[in-house]
Amino acid sequence: MNKIVEKLETWKDIFIKNIPNIAIALVVLVIAYFASRAMNSIVNKTIGKRIRQKSVRDLVSRVASAITILVGLYLAMTVLKFDDTLKTIVSAAGVSVLLLV
């Protein structure tokens, strides 16, 4: 029972030490969300003059929006020092894509 209590206290201490990083990561995610919405609108308006098909415009603007969200997620995970976890996720995603092709 003492080992469980010690482990929980260790987790609590780690959480308290990381509160500023968690706050910064949340701010980064919120900024990425709003930047993504703005990017979607900007790209849609910019290419709206050149591309007449609405479906293609929507696709391009959503891809730009998704890239913005992914960059924000990457930055948030870097702030939280999840570098090893991030590498694992990216590697798994790459393998999954290769298996689907």
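1. In this predicted model, aspartate 58 counts as partly exposed, at 21% relative accessibility. That value falls just outside the buried class because buried means under 20%. Its partner in a salt bridge is lysine 54, with the closest N and O atoms 3.0 Å apart. Lysine 54 counts as exposed, at 51% relative accessibility.

2. The two residues of the pair lie 4 residues apart in helix H3, so about one helical turn separates lysine 54 from aspartate 58. An α-helix has 3.6 residues a turn, so residues three or four places apart point the same way. The count by the rule applied here comes to 1 salt bridge.

3. Serine 61 also sits in helix H3. Its relative accessible area is 1%, so serine 61 is buried. Apart from neighbours within four places in sequence, serine 61 is in contact with Asn40, Val43 and Asn44.

4. Helix H2 covers residues 19–48, 30 residues in total; at 1.5 Å a residue it should span 44 Å, and its end C-alpha atoms are 43 Å apart, which agrees. The buried residues in H2 are Asn21, Ala25, Val28, Ala32, Ser36, Val43 and Ile47. These buried residues pack against H3. Val43, one of the buried residues of H2, is also among the contacts of serine 61.

5. A nonpolar patch on the surface is formed by Leu59, Val60, Val63, Ile67, Val71, Tyr74 and Leu75, with about 630 Å² of accessible area together. Leucine 75 is placed in helix H3, residues 54–79. With a relative accessible area of 43%, leucine 75 is partly exposed.

Key. Residues numbered from 1 in each chain as written. Predicted model: local features only at pLDDT ≥ 70, side-chain atom pairs only at ≥ 80, totals over all residues. Heavy atoms only, no water. Patch = residues over 30% accessible without salt bridge, like charges linked within 9 Å, V, L, I, M, F, W, Y side chains within 5 Å. Areas by Shrake-Rupley, 256 points an atom, 1.4 Å probe, with all protein chains shown as cover. Salt bridge = Lys/Arg side-chain N within 4 Å of Asp/Glu carboxyl O. Buried < 20%, exposed > 50% of the residue type's maximum accessible area, 1.4 Å probe, protein only. Contact = heavy atoms within 4.5 Å. Expected span 1.5 Å × (residues − 1).
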